Amino acid sequence: MDQVPEELALERATLRLINTVAFMSGTRAHSRGLRAVTGTELSPSDLRFIELLGNRGAVPTSTVARELGIDLGQTSRQAAQLETAGHLVRSTDPADRRRTLLELSEPAAAMLDQWLLAWSRDYLVAESRWSADDVAALAEWFTLLYDRLVTALPDKPRPAAADRWTELAGDDYDAGTRAFIRPVVGIVTWVGQSGGFNDLLELIDAPVRQTGLFTLQVIQRSGPLPVAEVAARLAIDPSQASKRLRQLTQLRLVDRAVDGFDRRSTLVRISRKGAALLTRVFDVQLTVFQKLIDDLSPEDRRRWTPLVESYVTTLLDSRGATGAFGGDLFSRS
């Protein structure tokens, strides 16, 4: 891929973080983290559903459907299943008895609090290495970024996780650290719930959704790969990976070939058409993001860029998230 101009280094570093969060929240890796911390087993779609309701009180089913980007019938069915599992409570809206309200159950709310405190600590991994001035500068950048994201896409969910983290953390961290991690928590939860790649793919009339896009990216970075390895890197079941790959093959976005070392095995690799789609997605994403922050002064860019680059690289390396399915997703270097 072509080099990204140096003047876009801040955009490139920030998109590495945003894209990795989107990837991880859209696979079973996110759910597995929840299970490891809380012992609760949820699918990625169910976890996204209850995280959307976190600390918001009772929310109309129609609002949840709109913010999740799914139809009302699917939302109602999913809510019923989550209610049966004890994760949420459904009630009739006293102001309009035709509407159903959804709210987390007390055990689910407590579980989300435990999970929030656990995963937010991951984002503090590099903070102790920097001066108070550097931490303050990063806090300034991430606060501005979060404000720009939620302002640019007002129809997307506005998670309450950042405010809740502040309540839960209390005096466990100094003021500088709290000012730094609060917008980071906001960005991470917003990206995980927004489904922004689906909007981008719809904008360019792409034939795939976000899950297909990430599958293509994994194959491009590390292919040719056997189906089982694609499943492992996406943290999904092999049967689910096979279904995804069949669809991508039909769209001619990936090619299949017999493994030269084991002729019983099939390898998948990115096709020219698939590679062209990924390039187009990144170009459009970079252009859109560039417009979002095109008013930044050269001085602010010089101040923030090396700090963001260092933070993102340290963060992703510490989580084992670089390479085929992590920090370098959609980077062009």
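Is Arg244 buried or exposed? In this predicted model, Arg244 is buried, because its relative accessible area is 11% and the cut-off for buried is under 20%. The residue belongs to helix H13, which covers residues 238-250. Leaving aside residues up to four places away in sequence, Arg244 is in contact with Thr211, Thr215, Leu234 and Ile236.

**Helix H11**

Helix H11 runs over residues 210-222. Its 13 residues should span 18 Å at 1.5 Å a residue, and the end C-alpha atoms are 19 Å apart, so the two values agree. The buried residues of H11 include Thr215, one of the contacts of Arg244. Gln210, Gly212, Leu213, Phe214, Leu216, Gln217, Val218 and Ile219 are also buried in H11.

**The largest pocket**

Rolling a probe the size of a water molecule over the atoms shows where empty space is left. The largest pocket has a volume of about 1,400 Å³. It is lined by 46 residues, and those closest to its centre are Gly195, Gly196, Phe197, Asn198 and Gln210. Gln210 is also among the buried residues of H11. Helix H10 (residues 196-203) contributes the most to the lining, with seven residues. Sorted by class, the lining consists of 19 nonpolar, 17 polar and ten charged residues.

**Salt bridges**

Side chains of opposite charge can pair when their charged atoms come close. The structure holds 14 salt bridges.

| Arg98 | Asp96 | 3.1 Å |

Arg148 is partly exposed, at a relative accessible area of 23%.

Arg303 and Asp300 both sit in helix H15, three residues apart, which is about one turn of the helix. Arg303 has a relative accessible area of 34% and is partly exposed.

For the pair of Arg98 and Asp96, Arg98 counts as exposed because its relative accessibility is 77%, where the cut-off is over 50%. Asp96, at 22%, counts as partly exposed. Beyond these pairs, Asp113, Arg164 and Glu167 are linked in a network of salt bridges.

Methods: Residues numbered from 1 in each chain as written. Predicted model: local features only at pLDDT ≥ 70, side-chain atom pairs only at ≥ 80, totals over all residues. Heavy atoms only, no water. 1 Å grid on protein atoms, 1.4 Å probe; cavity = no way out; pocket = protein on both sides within 12 Å on 5 of 7 lines; lining within 4 Å. Points joined across faces, edges and corners; volume = space filled by probe spheres on them. Helix = DSSP H or I, 4+ residues; strand = E, 2+ residues; numbered from the N terminus. Nonpolar A, V, L, I, M, F, W, Y, C, P; charged D, E, K, R; others polar. Expected span 1.5 Å × (residues − 1). Buried < 20%, exposed > 50% of the residue type's maximum accessible area, 1.4 Å probe, protein only. Contact = heavy atoms within 4.5 Å. Salt bridge = Lys/Arg side-chain N within 4 Å of Asp/Glu carboxyl O.
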